[in-house]
2 protein chains.
Amino acid sequence: MGVNSYSNSRVEHLACNNNGSNNNMKIQAEIQMPPLEIHKVRLPPERTTLQKLRHRLSEIFFPDDPLHRFKNQTCLMKLLLALQYFFPIFQWAPHYNLSLLRSDIISGLTIASLAIPQGISYAKFANLPPILGLYSSFVPPLIYSLLGSSRHLGVGPVSIASLVMGSMLSETVSFSQDPILYLKLAFTATFFAGLFQSSLGILRLGFVIDFLSKATLVGFMAGAAIIVSLQQLKGLLGIVHFTNKMQITPVLISVFKQRDEWSWQNLLLGFSFLLFLLTTRHISLKKPKLFWVSAAAPLTSVILSTIFVFILRNKTHKIAIIGELPKGLNPPSSNMLYFNGPYLALAIKTGLVTGILSLTEGIAVGRTFAALKNYQVDGNKEMMAIGLMNIAGSCSSCYVTTGSFSRSAVNYNAGAQTAVSNIIMASAVLVTLLFLMPLFYYTPNVVLAAIIITAVVGLIDYQGAYKLWKVDKLDFLACLCSFFGVWFISVPLGLGIAVAISVFKILLHVSRPNTLVLGNIPGTPIFHSLNQYREALRIPSFVILAVESPIYFANSTYLQERILRWVREEEERVKANNESTLKCIILDMTAVTAIDTSGIDTLYELRKVLDKRSLQLVLANPVGNVMEKLHQSNILDSFGLKGVYLSVGEAVADISSSWKAQP
Amino acid sequence: MGVNSYSNSRVEHLACNNNGSNNNMKIQAEIQMPPLEIHKVRLPPERTTLQKLRHRLSEIFFPDDPLHRFKNQTCLMKLLLALQYFFPIFQWAPHYNLSLLRSDIISGLTIASLAIPQGISYAKFANLPPILGLYSSFVPPLIYSLLGSSRHLGVGPVSIASLVMGSMLSETVSFSQDPILYLKLAFTATFFAGLFQSSLGILRLGFVIDFLSKATLVGFMAGAAIIVSLQQLKGLLGIVHFTNKMQITPVLISVFKQRDEWSWQNLLLGFSFLLFLLTTRHISLKKPKLFWVSAAAPLTSVILSTIFVFILRNKTHKIAIIGELPKGLNPPSSNMLYFNGPYLALAIKTGLVTGILSLTEGIAVGRTFAALKNYQVDGNKEMMAIGLMNIAGSCSSCYVTTGSFSRSAVNYNAGAQTAVSNIIMASAVLVTLLFLMPLFYYTPNVVLAAIIITAVVGLIDYQGAYKLWKVDKLDFLACLCSFFGVWFISVPLGLGIAVAISVFKILLHVSRPNTLVLGNIPGTPIFHSLNQYREALRIPSFVILAVESPIYFANSTYLQERILRWVREEEERVKANNESTLKCIILDMTAVTAIDTSGIDTLYELRKVLDKRSLQLVLANPVGNVMEKLHQSNILDSFGLKGVYLSVGEAVADISSSWKAQP
């Protein structure tokens, strides 16, 4: 509608040369362009089907050309390069020195101080025993340091994947009623997550995770963060009987129905530590140099609160504590994998969802920090590394891990140089597992709840959401849908709806593409949208249309109708203004980047219909593969020699001069 | 790969101006273009969110601007136009005259002679009693003649929808074991098909059927035709015990296992009529003027075979006959609709699949004949008409009907002028139902099988499949998948797979878009693909890249990596040839028809990364809505005043002159 009303208001610009009644109108009977020779539209060089297929497949699966390093190398060198490719540790280990080690030790210990309380908290989050969080901070980082290509990724359990695993498994199986089955399912889900991740990497299908758009993730993380924070009310208020469900309504009902279980001691302790943690977070956000304030805060909180509870241990029975944690290293868990039985489908589903979510986070975080230090992270290789570390994790009592945003940020800020910082962190966790477990006996659950809330509050990116609203309303809609989907339906379904909206957006763009009316920008041979450029002028007797999309089965009918409507409207306008009658329609094909058989049929039909109305249809600037297909389908014969031009300018110049030659 | 090797072979064209060692190379240090003024890239006129939304929605739902007729009309006229809009009969009825009636009577009687045997055969096809085929050729055509906008559509049951309904229902419910339930489900499926069709029309979601691409349909129809023909072996061979399944293996097993049930009488009768029908079909195909030969053949076959069997009635017990058909009009069936119970989901699913298939056929057929006579068929209105006629049908003992290709072709060839030919056909069917039913008592089933085979053989479009192979390999793959999917899996799943492949093709195109290196075509300010135009020349110190797709979340990571790879390869090439070093990357945004927030972030990232390597990134010709979004997101500030140009030519001219000013 906007376009139409605008076009009508542009009448004063329009040309009018066959009728002298409107002398005050600007006239542009010819475009101001030197009478250049007309160039031929070329076909791209011929290639066999096999060559085309090879080219297409290499663009799909190997866009990064991973073999370019191996070109012109000796056999030995190739072997070494391959080794370095699969184990990036061989790339940097030869150049490793003491000064790098010093930086890595500092950053490794810093992330360990964050990782230990975080591990314990996140495991609770997935309704798993806290010790699993520590196990998961030990084996996976070691494996990643061998295989991963990022130098700053801090590996361990993350909030989103923990939350999703907890919510998906708890809806069917309760940890308190059948802890062994729950553990089995968690390890199996981790195994499938790893298998899925590494196969995506091996099959080079990394683009699958691209379909989780940023908009979807903003909404999803905000929704999940709020749900998780509400879940933590259980710990903060000290409620004993709490719902297993993750949706917002049952959680709120649970909180307010059990008001008699609220304990003020818990509440006081929880909120004071929450305040402390949020303050340190605020400080670090304001002054990035003080990043260590928020990095050290969780461990400080755990130590302070444990000492506090230990001192008051005879007076505060109302404060729930972690209790006994088993000492010792990760026990093997490959015997716990669950490959047949009624819950297998649930385990696979949970594995897929947590796998794709953790992969998205891991890759995005890896890319972010690599961009800051100007090195490349290979998406497909990262997938293999993360996948393998999860498969190994599932056999050593770990649950889903990935590159965590908070750990990586702290790692980066603390000056990490290589993946050795992950090894240092794992060693610190090892010492904790072997010797320090009894110290956590009196750690109150409420402080873990406070740590979790602080962590997830950072996931609510309201500025990001506002930017989405400002720039792209459909993106914002996808964001809202995943937000409310997570709130009211369920975590995986909310995510599914958001992905569907993102894909729908693409399909909508393809099935209802833009068409523009172009005009000439005076003094140039350039043709641009009349709507965008006020100075652009129509050429009498021509309608120049640009189709802004490939012409596919999904839009060919629409485009045919839309183009005919433009012609109809133009004819009505020309009639109303007494201008020279329409004789030629030029389709600018620059943005028609592909065409299929339906599209070719549409062009053919269109030409036939316009021919019956004695209107000429001409194509301008078909790109290589479109030209190739037009040629293959023999449709060019029906367009004749003068039916395809290199540019709109040449088409207009040539056709108008041919009219002058034979009026 | 093709592009790379080709680019390398183009070295002789390349410019080289800061190093004199390769004097035999062609030099193009500047593009040959008059030093024009630099034009500003404009934003499209500002619109509020509401205006944009309105425009977008009107483009999505009302691309045909259905209200343009109502502009500037009086109230009374508007009412009349609305009446004409909803009941097209009011459009042509006032001008109806005797000569039109004469044509319509001839064509109506001609299609009736086809419709009666076809109706009986197709109903058997859907495992329904033959009489339902006649019922379905009576009520729906009457309703369509009131509501439909096509003048040539012959309405009635069609082979594909009958086949799909039969196969989907028979997999679960057997007609011979529970005929009432089967009938109930068939009417209910018809009801849901109609409901689905009319709601698509009312909600103006007609583009849903566009996702059934021609390629998919070619494969689907060929697969279905072969399956149906094999099913007819039951009738042709006279087998009594036959499988219910539709897949190819159980059918073939059934045929060869029951070899003792084969009857040579059946076989002989069947094949002689099959030969007769195929011959008449061949004659009509060769000489379109003799269309009536194939149109009259089914009725002739029915009459001849009935007489033949009647004469030999005491000698041929082995030939199965139709037997008694109830006389009288369609009994009401609204009491047979089945709205709760265990089979409701099956009925809805069958309704959806048959609904969408019959809709696709009906609309495509309507559009084909409208194009031949140069009038418009409104897709959304047709959907309402077809939907309402099916809803009415489901209450009057009809099953799914639509515009049939064979009937419409005969109708068109017989000179139909308006929808009155449908009324005439319905009247002929009425007379048959009331008085002529006993005549069909001795009609042998085998002749119906022969009619069906002749009908479906025409659906195998091997020429279409060959064209797909020649023009578009992925389209051909979709075609093959639906073909084999129907053969080996099941009809709806085969169709589903084919649609998924078509959609996947779109998503693949979006997630792995083309990027081209552009060069200048000497003597013009035009820049085109170096690969497509051998005469195009590189500009020293520049890389000019065209992105051939919107920049979306689904491709933003890929594009970033791919563009950086182009830059890397170009730097290596420049180094190898001792040319002037790379200083500027120009992104031609002409074909970037949309951008989302991820895309904007990518441009920002790309600029940052290239900045660190002291390479300038410049955008050329961003289209209206992309420019708008770049502006809204404030990313243009980071590009600076000189970061966006109207065309590649202007960008190259301006930037190289600025280098000369300050070397």
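A: Leu518(B) stands opposite Ser529(B) in S4(B), within a predicted model in which local features need pLDDT of at least 70, side-chain atom pairs count only at pLDDT 80 or more, and totals for chains, interfaces and linings use all residues. Residues are numbered from 1 along each chain as its sequence is written, while chains are lettered from A and ligands numbered from 1 in the order in which they are written. Strands (E, at least two residues) and helices (H or I, at least four) are DSSP runs, numbered from the N terminus. Two strands pair if DSSP finds at least two bridges between them.

Strand S3 (residues 515–520) of chain B pairs with strand S4 (residues 527–529) of chain B in the antiparallel sense, over three bridges. Six residues lie between the strands of this hairpin, and Gly523(B) has a positive phi near 85°. S3(B) also pairs with strand S5 (residues 542–547) of chain B, again antiparallel and over three bridges. There Thr515(B) stands opposite Val547(B) in S5(B).

Five of the six residues of S3(B) are buried, so the strand is largely enclosed by the rest of the structure. A residue is buried if 20 or more other C-beta atoms lie within 10 Å of its own, exposed if 12 or fewer, and partly exposed in between, with C-beta atoms placed from the backbone.

Strand S7 (residues 616–620) of chain B runs parallel to S8(B), joined by two bridges. Leu619(B) stands opposite Val644(B) in S8(B).

The largest nonpolar core has 359 residues, and Ala186(A) and Ala186(B) have the most contacts inside it. Such a core is a set of buried Ala, Val, Leu, Ile, Met, Phe, Trp, Tyr and Cys residues joined through C-beta atoms within 7 Å. Helix H10 (residues 214–237) of chain B gives the most to this core, with 13 residues. Not counting residues up to four places away in sequence, Ala186(B) touches Ala126(B), Leu128(B), Met165(B), Leu169(B) and Tyr399(B); contact requires C-beta atoms, placed from the backbone, within 7 Å.

Between the chains, 84 residues of chain A are in contact with 82 residues of chain B. Helix H22 (residues 491–511) of chain A supplies the largest share of the chain A side, eight residues.

Terms used
Contact = placed C-beta atoms within 7 Å.
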